[in-house]
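Subject: Structure handover

Hello,

Here is the structure I promised to pass on. Please open it alongside this note.

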Amino acid sequence: MSGTTSKPLVVEDGPRGLFQVARRAFTDERILNAELESVFNKCWLYLGHESEVARIGDYLRRVVARRSLIFNRDQTGKLNAFFNTCPHRGAEVCRDARGNTKTFVCFYHGWAFGCDGALKSAPGADRYSADFKAQGRGKLVPVPRFSNYRGLCFVNFDPAAESLESYLGNAREYLDLVIDQSDTGMSIVDGMQEYAIRANWKLLVENSNDGYHAATTHATYLDYLGNTHAKGGEVALSGVGRDLGNGHAVVEYSSPWGRPVARWIPKWGEEGRKELDAVRTHLEALHGPEKAARIALKNRNLLIFPNLVVNDIMAVTLRTFYPLEPGYMNVNGWALAPTQESDWARQYRLDNFLEFLGPGGFATPDDVEALESCQAGYRNSLESGAEWNDISKGMGMEARYDDEIQMRAFWNEWNRRVSPALEAKERQA
Amino acid sequence: MNLPSRIEVEDFLFTEASLLDNWKLKEWLALYTPDAEYQVPSTDLPKDANPRNSLFYIADDFPRLEQRVIRLGKRTMWSEYPRSKTRHMVSNVRVLDANDDQSHVEAAFCVYRTKWGNTDLFVGRYDYLLRRTAEGLRIRRKRCVLDLDGLRPQGRVSILL
């Protein structure tokens, strides 16, 4: 057994107010392999939103945890997730990013499959055994588990996984607050932000619901709000952090920025006030004043373990990210919005999104820089005295939005899954 | 207006590129009209995508572009301080058509950004609307359409393309 990997990856000592994560968790290839096995092969992973394949025959290709998948709606309206590989010799049967089709045809030898994955035809079928199809051969292989929570579709590569509902657990309340923004349903807006960060994927987990970094990392964004937004009605950043169990966590807080659902700011003028008053009144009719106020005024940065971020902030973004190497991840970002909202609301929502979020926003690029800077610092991760991250903020106190309880929730679940897998690998080695 | 000559347009675009590579961003901003738009669409969108109903990487009106330039001048813009080195290569310039005081110009671009030992390439097509003003040509709209599948590994468009 290797001497360094037998040391704990997470250390918690409540009485001392101490919570440490070993920095080699961000740099060690063996730990990444243990994560692939014990996290990405075992947990429910976000695939896509049902609105992306709204019509019969709609499909898209999507990479999830290194697999190439097809996400589609078949002729009966049922949603499916298949491994994108021909059962014959393996070529990808879906080669367009998205589209609408009745059949997927493998160009290599011409096998054709229905939207339900069944083999429709294969050239030279008479040269296969007469009961080829009856044996169940020649079909597209569905992912072991597929489940849809109110439009959010997930896959799980572990056939024995618990149900999605049970896995989401307490996080469902927060997903509901996002989805209940609209009684006409929610949809993904056209346009996907695909980018990469030269940093470990868990740095983006931490960053996505980190209230502590806003004042410093995003100083220029806050300057921008101050420069451009008419005065009046400013609201300070303030709120709570919560451990939701199963590694899920959330921060919920008020903020100075406007929200298209539905917090008006003076910059949006009288037209905007009318729009948002109507939205708010409708929310109150649907949900009562208390829940309507929570939906409208509070921001939520939600992590669904391990890698789905739902940030309901100045706009709603969904984000997933996957490690390719310990120090490199691919990120996918989407905008989620009420399916039916006014042109005004859609435009201001996207304006708000781009102000802060994404690779060209006034905030995300600085997050990317911070994460890459952490990863650069982890070149020292094996040096005595420099091996640990401190994740103790707010321990033993009532949790605030800018504490680190939400990160401890993630790390405890991560450690529960990854450390035994790593030790098993070390024993085998 | 009469079509500006390709030489005139090239001189103008090369000046713009030089201002960007020398980080003379206030001078760069002065090349834009008060109703200017500066856009970088997401890479999966169709050619005619509209930022009012589709998610772009960047869709600035002039006030936000001005704020972008202000932000790029600050030491607290961590992603561009220390500043990256950039080189804007502009070629294949074509003046497509013109009406009233505006002309439609296309050009190919390669923008190199170097920072922290990484050199990243942004490649694509510029789609310009140029306006003839008393001060010379000015940019009414610049759309930078990336010939990429995403920003991998670039990770961000924190510079101006």
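Below is what was found in it, starting with the interface.

First, the ground rules. This is a predicted model, in which local features need pLDDT of at least 70, side-chain atom pairs count only at pLDDT 80 or more, and totals for chains, interfaces and linings use all residues. Residues are numbered from 1 along each chain as its sequence is written, chains are lettered from A and ligands numbered from 1 in the order written, and side-chain values use heavy atoms, with hydrogens and water left out.

**Interface.** Contact (heavy atoms within 4.5 Å) links 35 residues of chain B with 40 residues of chain A. The two chains bury about 3200 Å² between them, 48% of it on carbon and sulfur atoms. Buried area here is the accessible area (1.4 Å probe) that two parts lose on being put together, summed over both.

**Salt bridges.** The rule asks for a side-chain nitrogen of Lys or Arg within 4 Å of a carboxyl oxygen of Asp or Glu. It gives 51 salt bridges over all chains. Eight of them cross the interface of chain B and chain A. One pairs Arg71(B) with Asp366(A), at 2.6 Å from N to O. Asp120(B) and Arg198(A) also meet in a salt bridge, at 2.9 Å. Asp120(B) sits in strand E5 (residues 118–133) of chain B and Arg198(A) in the loop between strand E14 (193–197) and helix H4 (201–208) of chain A, so this pair joins two chains. Helices (H or I, at least four residues) and strands (E, at least two) are DSSP runs, numbered from the N terminus. Asp120(B) is buried, at 5% relative accessibility. Buried means under 20% relative accessible area, exposed over 50%, and partly exposed in between (1.4 Å probe, protein chains only).

Within chain A, Asp28(A) bridges to Arg30(A), with the closest N and O atoms 3.1 Å apart. Asp28(A) is buried at 12%, while Arg30(A) is partly exposed at 35%.

**Cores.** A nonpolar core is a set of buried Ala, Val, Leu, Ile, Met, Phe, Trp, Tyr and Cys residues joined through side-chain atoms within 4.5 Å. The largest has 137 residues, and Trp414(A) and Leu161(B) touch the most other members. Helix H10 (residues 405–428) of chain A supplies the largest share of this core, seven residues. Another core, of 25 residues, lies apart from it and includes Tyr221(A) and Phe362(A).

Leu161(B) also has contacts beyond its neighbours within four places in sequence, among them Leu20(B), His88(B) and Lys142(B).

Best wishes
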